Amino acid sequence: MNKVTVKAFKVIGISVRTTNQNELAAQDIGALWHKFMSEKIIDKIPNKIDTTVYSIYTDYESDYTQPYTTILGCKVEHLNEIPNGMVGKSIKGGPYEKFTTKGDLTKGLIINQWKAIWTMDLDREYSADFEVFGEKAQNPQDAEIDILIAVKS
């Protein structure tokens with residue numbers, strides 16, 4: 001993990017309200033990814049800056065044990081044009097702890113990293129945390145994913 005400063009950005013994508021209780025998030029986020037891929041949502045996002053996919057966790061009721069919103073989408077230039085069925089969100093910048101995890105996405109790579117993060121003594125802000133699925137995430141069996149956790153300054 002290392003401390004980084006994230007610049008504010010805007011994202012458009014699809015979302016779901018979920019919770020980590022009773023493994024519900026695994027089902028909900030899995031279904032969100034299925035919809036994102038099968039309906040080629042990435043091709044419907046206007047004003048994309050690039051094709052990097054962001055999985056954003058935001059609108060926390062309190063902490064990771066309570067409901068929150070997950071957004072799957074891409075960085076965009078502006079939020080002036082949000083297609084029906086999608087959401088737009090401005091992510092404020094600031095200090096983040098960055099974790100890079102490598103391995104097989106089909107074998108719990110991401111959830112295992114999150115379980116480790118949940119046990120860490122991080123001074124979390126619970127504003128917007130996110131995963132970055134860029135060039136190094138193209139091969140699911142040998143992926144590299146960055147996870148960024150908003151922390152208090």
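Start by selecting D59, in the loop between β3 and β4. This is a predicted model. Colour D59 by accessibility: the residue is partly exposed, with a relative accessible area of 38%. Now check its backbone. Phi of D59 is near 55°, a positive value in a residue other than glycine. Most residues other than glycine have a negative phi.

Jump to Y126 for another case. Y126 sits in the loop between α2 and β7. Its phi is also positive, near 55°, and Y126 is not a glycine either.

**The whole chain**

Zoom out and show the cartoon. The protein chain has two helices and eight strands. Along the principal axes, the C-alpha trace spans about 40 × 35 × 30 Å. Buried residues account for 42% of the 153 residues. Take the contacts between residues at least 6 apart in sequence: 72% of them join residues at least 24 apart.

**The sheet**

Select the strands. Eight of them form an open sheet in the order β1-β6-β8-β7-β3-β4-β2-β5, with antiparallel pairing. Look at the two edges, β1 (2–6) and β5 (87–91). Each has a single partner strand, so one side of each is left without a neighbour in the sheet. Turn the view to see the twist, which averages 35° from one strand to the next.

Strands of a sheet pair through backbone hydrogen bonds. Select S55 next; its bridge partner in β7 is E131.

**The helices**

Then show helix α2, residues 109–119. Helix α2 packs on the sheet and touches β3, β6 (94–103), β7 and β8 (143–150). Its direction makes about 30° with that of β8.

**The cores**

Hide the cartoon and show nonpolar side chains. In soluble globular proteins, such side chains tend to be buried together. Which residues of the largest nonpolar core touch the most other members? Select I14, F36, I45, W114, I117, I145 and I149, out of 29 residues in that core. At least two core residues come from each of β2, α1, β3, β4, α2 and β8.

Centre on W114. Beyond four places in sequence, W114 touches Y57, R124, D129, E131, I147 and I149. Then move to a second, separate core of 13 residues, which includes I56, I91, V132 and L148.

Select T69, in strand β4. Is T69 buried or exposed? It is buried, with a relative accessible area of 12%. Show side chains and find R17: a polar contact of 3.0 Å joins it to T69. Now display everything T69 touches, leaving out residues up to four places away in sequence. The set is S15, V16, R17, I56, Y57, T58 and D59. That brings D59, the opening stop, back into view.

Next, go to D104, in the loop between β6 and α2. At 16% relative accessibility, D104 counts as buried, the cut-off being under 20%. Its side chain makes a polar contact of 2.5 Å with the side chain of T106. Further along the sequence, beyond four places, D104 is in contact with L109, P140 and Q141.

Finish at K92, in the loop between β5 and β6. K92 is exposed, with a relative accessible area of 52%. Which side chain does the side chain of K92 meet in a polar contact? The partner is E125, at 2.9 Å. Apart from residues up to four places away in sequence, K92 touches A8, E125 and S127. Now draw a distance from K92 to K10, C-alpha to C-alpha. The two are 82 residues apart in sequence and 8.6 Å apart in space.

Methods
Residues are numbered from 1 along each chain as its sequence is written. This is a predicted model: local features need pLDDT of at least 70, side-chain atom pairs count only at pLDDT 80 or more; totals for chains, interfaces and linings use all residues. Side-chain values use heavy atoms; hydrogens and water are left out. Two strands pair if DSSP finds at least two bridges between them. Helices (H or I, at least four residues) and strands (E, at least two) are DSSP runs, numbered from the N terminus. Axes are lines fitted to C-alpha atoms, for helices over the stretch in contact, and angles run from 0 to 180 degrees between N-to-C directions. Contact means heavy atoms within 4.5 Å. Buried means under 20% relative accessible area, exposed over 50%, partly exposed in between (1.4 Å probe, protein chains only). A polar contact is a pair of N or O atoms within 3.5 Å; within protein, one must be able to donate a hydrogen and the other to accept it, and residues adjacent in sequence count only if both atoms are side-chain atoms. A nonpolar core is a set of buried Ala, Val, Leu, Ile, Met, Phe, Trp, Tyr and Cys residues joined through side-chain atoms within 4.5 Å.
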